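Here is a short report on one protein chain.

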Amino acid sequence: MEVGLGVHGEPGLYQSPIKPADQVSEDVINLLLTGESSTLNESMGKEWLMLINNMGGTTELEMSILAKGALEQMEKRGHTVHRIVMGPLITSLGMAGFSFSLLSVNQAGYADMIKWIDAPTDAPAWPKATQPATYTTLEANNGDQSKAAKTKELSEASHANWSRLLSCACTEL
């Protein structure tokens with residue numbers, strides 16, 4: 001697997017054995033946030049818009065799994081993704097692959113980015129931005145019967161939704 005290759009098939013940063021999607025998402029987020037060729041820095045803050053590009057030959061299911069992994073990695077590092085734009089934004093003749101791009105909404109002059117990304121457009125191939133879903137879990141509070149609510153941000157397809165989807169697909173197959 002080529003990591004960091006160009007849209008026209010230019011060589012990437014390195015080659016890696018094929019890994020599970022969650023590990024691939026983690027590796028790419030690590031490269032974006034802390035890799036030696038990263039252009040991101042602390043002054044950009046921790047609030048982002050994320051573009052997830054399908055190079056053309058990756059299935060929607062695979063793209064959603066990669067998106068879920070990326071969102072979990074961002075959350076784990078204390079970052080917030082306010083919007084996701086996912087789809088075939090820059091393609092390369094059906095190439096199997098993806099790219100993640102992060103745009104800071106903390107920097108001066110970028111505060112209106114969320115408004116702009118949410119604005120209606122007539123561009124036929126531009127996918128609609130989505131806001132990561134919020135869900136609430138209930139858990140016991142120190143062993144007594146009261147419940148404490150916790151809110152977490154996840155991708156639109158939360159773990160429970162994916163479990164149901166995969167369970168239905170396996171049943172049908």
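The protein chain has four helices and seven strands. Helices (H or I, at least four residues) and strands (E, at least two) are DSSP runs, numbered from the N terminus. Along the sequence the pattern reads β-β-α-β-α-β-β-α-β-β-α.

This is a predicted model: local features need pLDDT of at least 70, side-chain atom pairs count only at pLDDT 80 or more, and totals for chains, interfaces and linings use all residues. Residues are numbered from 1 along each chain as its sequence is written, and side-chain values use heavy atoms, with hydrogens and water left out.

Chain totals come next.

| Property of the protein chain | Value |
|---|---|
| Buried residues (under 20% relative accessible area, 1.4 Å probe, protein chains only) | 29% of 173 residues |
| Contacts (heavy atoms within 4.5 Å) at a separation of 6 or more that join residues 24 or more positions apart | 67% |
| Accessible surface (Shrake-Rupley method, 1.4 Å probe) | about 10,900 Å² |
| Share of that surface from carbon and sulfur atoms | 55% |

Now helix α1. Val-24, Ser-25, Asp-27, Val-28, Ile-29 and Leu-33 of α1 are buried. Their cover includes β2, β3 (47–54), α2 (60–76) and β5 (98–104).

Pro-11 sits in the loop between β1 (2–3) and β2 (14–15). Pro-11 is exposed (over 50%), at 71% relative accessible area. Leaving out residues up to four places away in sequence, Pro-11 touches Glu-2, Gly-4, Leu-5 and Gly-6.
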